[in-house]
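Here is a friendly briefing to read alongside the model. Please keep the sequence and the 3D view open as you go.

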Amino acid sequence: MKCRKCGATAAINMRHHRLALCGPHFLEWVPEQAQRAIERYRMFSPTDRVLVAVSGGKDSLGLWDVLVRLGYSADGLYIGLGIDGGVAYSDQSLTRCRTFAEARGLRLHTVDVPSELGASIPEVARLTHRGQQKPCSVCGLTKRHEMNRVALEGGYDALATGHNLDDEVAVLFGNTLNWSTGYLGRQAPALEGRPGFAPKVKPFCRLLERETAAYALLRGIEYVYDECPHAEGATNLMHKNLLNRLEAERPGAKLSFYLSFLRAREAGLFVQPEGELSQPEMHPCSSCGQPTTAPGECTYCRTRRRVREQKEAIRD
Amino acid sequence: MTATLILREKQYEVRHGMTVRDALLRLDIQPETVLTTRQGQLITDDVILQEGEVIRLIAVISGGAAEP
């Protein structure tokens, strides 16, 4: 197969775009796609400061690389979750992020969850009995809290995550199966900031993870190949597998599903009925000050307090 | 008579002469979930497998809790 732009041997074929490209042209195409998404969904402007949440994986490091190549001022944020899984997963992830940042002279913020919360994420899940033996729920809670905190404290204009099209479509599929209209209404490539919440953006939302992986590979980015040891069996992965089967039969099905959803959302399909509040009233957390739906402590601070109490009870 | 496909330390022997894509489908590996490399170079899955060659597949699917 030949590159459509130059006729050289193609490195990747994107069946849904009917587009095959060689390595150098693919490395131009990815930033162009990201820039289109940034502009189309009004994510941020060229003078804005962006905080990129990085995990050491292909998507987030690829995104950081693309934003810097596009000329944006982008710092990184790594959240160490204390996950070992027999492969020193978090240590490996931090090393990848540090190596990436140091090689390019970029600024990387790091948060160590075991120091912040008093326990690693798997320990927190065990101690607080959140998430039915799976730490994914407490992990999501912690990452959202810490990403928002660092973005606000650092005065960043946007918090960017490496969510790709497969991530977005898997979540969309799950929420559609359950008709979770509240979640559907909030799923967007760009969420505007609100008091106490940093704006969130996903510049890779139209790129398949096959494309983000190819980008990382061709750019020589060293990333963590392994999935999080706790991801196995996650519903999200099951949905991805189903959608990949569909994509194999109908190239473009994932992109079409996502873009049709965004058009429907823009047309107001998921607006809450009149009389119902689309955004619940928010209160500042009595402990950390971040917005929370109920007066008092936010879920994150309650979890942290519970961990401390449980650890003290064990010691006694 | 065969070519070798390697995915996550696991080796698959397949008949040469077919495309990588056909080999993947026969092995029940979704082509969307992997990248194909030959001698460290990314290749497209219409490439015909040659006798004795080794193709390394890179899994691209990632999990974890995406935000709703």
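The notes below cover the interface, then each chain in turn.

This is a predicted model, in which local features need pLDDT of at least 70 and side-chain atom pairs count only at pLDDT 80 or more, while totals for chains, interfaces and linings use all residues. Residues are numbered from 1 along each chain as its sequence is written, and chains are lettered from A and ligands numbered from 1 in the order in which they are written. Helices (H or I, at least four residues) and strands (E, at least two) are DSSP runs, numbered from the N terminus.

**Where the chains meet**

- The interface brings 37 residues of chain A into contact with 20 residues of chain B; contact here asks for C-beta atoms, placed from the backbone, that lie within 7 Å.
- On the chain A side, at least two residues each come from strand E1 (12–14), helix H6 (136–153), helix H7 (165–177), helix H8 (181–186), helix H9 (209–219) and helix H10 (235–249).
- H10(A) gives the most to this side, with seven residues.
- Sorted by class, the side of chain A that touches chain B holds 19 nonpolar, nine polar and nine charged residues. In this scheme Ala, Val, Leu, Ile, Met, Phe, Trp, Tyr, Cys and Pro count as nonpolar, Asp, Glu, Lys and Arg as charged, and the others, Gly among them, as polar.
- H9(A) lies across strand E3 (34–38), E4 and E5 of chain B, and runs at about 35 degrees to E3(B). Axes are lines fitted to C-alpha atoms, for helices over the stretch in contact, with angles from 0 to 180 degrees between N-to-C directions.

**A helix pair in chain A**

- The axes of H7(A) and helix H11 (residues 253–266) of chain A come within 10 Å and cross at roughly 65 degrees.
- Their crossing is left-handed, the term for a near helix turned anticlockwise from the far one by less than a right angle.
- From H7(A), A:Leu165, A:Asp166, A:Glu168, A:Val169 and A:Leu172 meet A:Lys254, A:Leu255, A:Phe257, A:Tyr258 and A:Phe261 of H11(A).
- Seven nonpolar, no polar and three charged residues make up the contact of H7(A) with H11(A).

**The nonpolar core**

- The largest nonpolar core has 89 residues, and A:Val50 and A:Val52 have the most contacts inside it. Such a core is a set of buried Ala, Val, Leu, Ile, Met, Phe, Trp, Tyr and Cys residues joined through C-beta atoms within 7 Å.
- A residue is buried if 20 or more other C-beta atoms lie within 10 Å of its own, exposed if 12 or fewer, and partly exposed in between, with C-beta atoms placed from the backbone.
- Leaving aside residues up to four places away in sequence, A:Val50 touches A:Phe44, A:Leu67, A:Tyr72, A:Ser73, A:Ala74, A:Tyr156, A:Asp157, A:Ala158 and A:Ala160.

**Positive phi in chain A**

- A:Arg42 is not a glycine, yet has a positive phi of about 45 degrees. A:Arg42 sits in the loop between helix H1 (23–40) and strand E3 (49–54) of chain A, and is exposed because 12 other C-beta atoms lie within 10 Å.
- A:Trp179, also a residue other than glycine, has a positive phi near 45 degrees. A:Trp179 is in the loop between H7 and H8 of chain A, and counts as exposed because it has 9 C-beta neighbours inside 10 Å.

**Chain B**

- Chain B has one helix and five strands, which run β-β-α-β-β-β from the N terminus on.
- Along the principal axes, the C-alpha atoms of chain B fill a box of roughly 50 × 25 × 20 Å.
- Of the 68 residues in chain B, 34% are buried.
- Among contacts in chain B with a separation of 6 or more, 56% join residues 24 or more positions apart.

**The sheet of chain B**

- Five strands form an open sheet in the order E2-E1-E5-E3-E4, with mixed pairing; strands pair if DSSP finds at least two bridges between them.
- Strand E2 (10–15) and strand E4 (41–43) of chain B are the edge strands, each pairing on one side only.
- Neighbouring strands are turned by 35 degrees against each other on average, direction ignored.
- Strand E1 (residues 2–7) and strand E5 (residues 54–59) of chain B pair in the parallel sense over four bridges, and B:Ile6 stands opposite B:Arg56 in E5(B).
- E3(B) and E5(B) are antiparallel over four bridges, with B:Thr36 opposite B:Leu57 in E5(B).
- E3(B) and E4(B) pair in the antiparallel sense over three bridges, and B:Gln41 in E4(B) is the bridge partner of B:Arg38.
- E3(B) and E4(B) form a hairpin with two residues between them, and B:Gln39 in the turn has a positive phi of about 50 degrees.

Definitions and conventions: Contact = placed C-beta atoms within 7 Å.
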